Amino acid sequence: HSINAALEGRASMHQLEYRMLCKDGSALWILDQAQVMQRDADGKPLRMCGTHTDITDMKATQEELNQHRRHLEQLVNERTHELRLAKEAAETANVAKSAFLANMSHEIRTPLNAITGMAHILRRTDLAPQQTDKLDKIEAASSHLLEIINAVLDLSKIEAGKFELESVPVRVGPLLENVVEMLAPKAKAKGLSFSVETAEPPTVLGDPTRLQQALLNFAANAVKFTERGHVSLRVREDARTDGNVTLRFEVEDTGVGISPEAMPKLFGAFEQADSSTTRKYGGTGLGLAITRKIAQLMGGDVGVSSTEGQGSTFWFTAVLARDKRLDSAGATIEAYAVERVIQRDHGGKRVLLVEDDPINQEIARMLLEQVGLMVDLAEDGRQAVNKAAAGRYDVILMDMQMPQVDGLDATRQIRKLPGCANIPVLAMTANAFAEYKTSCTEAGMNDFIAKPLSPDVFYETLQRWL
């Protein structure tokens with residue numbers, strides 16, 4: 001066919017590869033090429049000239065390359081399959097990790113809620129000085145335990161990409177005052193002076209809770225590692241545009257300082273400058289890592305300058321959106337004032353408390369009855385649905401993890417009952433993960449109260465929805 005095409009003028013050249021068997025039994029690859037060199041007046045071919053070329057070596061090289069390519073394709077397919085399996089395993093492990101941390105959070109926070117709740121109730125009774133001292137130690141220990149749990153969960157949520165930041169007006173002055181107020185007793189006990197330097201920036205939008213957490217991590221470390229001298233908190237503007245303000249938060253101390261060898265690992269998770277078994281200072285080694293991640297989530301960074309034996313200055317920056325509206329954020333109502341407001345405006349209103357744990361039932365009931373609310377108890381989700389159908393409540397406090405019918409399903413069923421579409425349902429749970437809050441909202445709940453119950457937050461949330 002190739003020769004005929006060349007002879008008939010349909011192709012400029014005849015070309016063909018084939019194998020030729022030699023007398024010694026070996027085979028050669030031959031490239032046969034030919035071209036019509038002369039035609040008569042009618043176009044009939046008169047002479048063809050061509051060559052036979054031994055291309056055995058070239059074919060061998062080509063085959064070797066083809067085998068190598070096929071082998072590479074096979075390796076790529078195998079590696080791709082292995083990577084896909086590894087990715088699926090990692091995703092499964094990450095889901096399992098999140099589930100484990102959520103369950104761990106619930107299992108630890110539930111008994112911790114009983115400890116802090118009972119301590120709060122005991123403090124309102126007549127106590128002898130020795131009892132008050134022991135109660136102070138119980139509350140301090142439970143508060144420390146809660147800080148550790150929150151730090152581990154915060155780091156896990158950040159790494160899992162489930163750490164959400166609020167965007168509300170930020171007032172820098174009160175934020176600094178809160179940090180000083182929380183650390184003042186420890187600083188005073190050590191004879192340290194506390195100073196604050198700030199010029200109130202324009203009203204900005206951000207997450208004041210996380211900003212305070214980041215600053216508190218630095219300031220608490222400063223008090224912890226300083227035996228004499230002072231601790232200074234400073235806030236200043238680093239930059240400003242039409243839409244954003246970059247704030248720089250600094251904490252300076254006259255403490256032990258940091259060695260050059262320890263500096264590179266300071267902001268790593270679970271890392272500490274002194275990790276020996278004989279170390280003087282305790283802690284999880286998570287505070288600085290969390291502050292760095294919070295700063296990075298806010299578009300900023302962290303850093304430190306230090307001289308061993310003379311002190312340190314830790315800083316972080318945050319890029320916050322400017323709020324050009326007037327700052328309408330009023331002063332927060334004190335906890336006792338909130339209690340008085342509830343007693344005055346809502347005394348006698350009915351609350352359905354849905355809780356399966358007897359100790360948590362007792363704590364929540366006492367907190368509610370202390371402000372004059374009438375409490376009806378349901379020990380699981382099924383009872384909650386039945387009682388909501390039979391009675392009229394002003395608010396429902398819904399535990400999440402319960403036997404038979406959990407809080408989410410109970411809320412969905414209650415929302416379908418006549419007259420129950422708009423009753424405030426407030427989730428009470430020890431699960432601290434953001435997606436769990438989303439599940440609560442999707443099920444028809446109005447708000448979320450985390451355990452262990454903070455009486456201040458508990459009453460403020462109740463007052464808002466009542």
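In this predicted model, helix H12, which spans residues 455–465, has Pro455, Phe458, Tyr459, Thr461 and Leu462 as its buried residues. These residues cover an arc of only 165 degrees around the axis, which puts them on the same side of H12. Beyond this helix, the points below turn to contacts between aromatic rings and to charged side chains placed over rings.

**Aromatic pairs and cluster**

- The structure holds 5 aromatic pairs, and one of them joins phenylalanine 218 to phenylalanine 314 in a tilted arrangement, with 5.3 Å from centre to centre and 45 degrees between the planes.
- Because phenylalanine 218 belongs to helix H5 (residues 208–224) and phenylalanine 314 to strand E10 (residues 311–322), this pair ties together parts that are 96 residues apart in sequence.
- Both partners fall under the 20% cut-off for burial: phenylalanine 218 counts as buried at 1% relative accessibility, and phenylalanine 314 is likewise buried, with a relative accessible area of 10%.
- Phe218 and Phe314 also belong to one aromatic cluster, which they form with Phe249, Phe267 and Phe316.

**Charged groups over tryptophan rings**

- Lysine 59 places its charged end over the ring of tryptophan 29, at a distance of 4.6 Å from the centre of that ring.
- Arginine 248 lies over the face of tryptophan 315, where the distance to the ring centre is 4.3 Å.

Methods
Residues numbered from 1 in each chain as written. Predicted model: local features only at pLDDT ≥ 70, side-chain atom pairs only at ≥ 80, totals over all residues. Heavy atoms only, no water. Buried < 20%, exposed > 50% of the residue type's maximum accessible area, 1.4 Å probe, protein only. Helix = DSSP H or I, 4+ residues; strand = E, 2+ residues; numbered from the N terminus. Arc of directions from axis to C-beta. Phe/Tyr/Trp six-rings, centres within 6.5 Å; stacked < 30°, edge-to-face > 60°. Lys NZ or Arg CZ within 6 Å of the ring centre and 35° of its normal.
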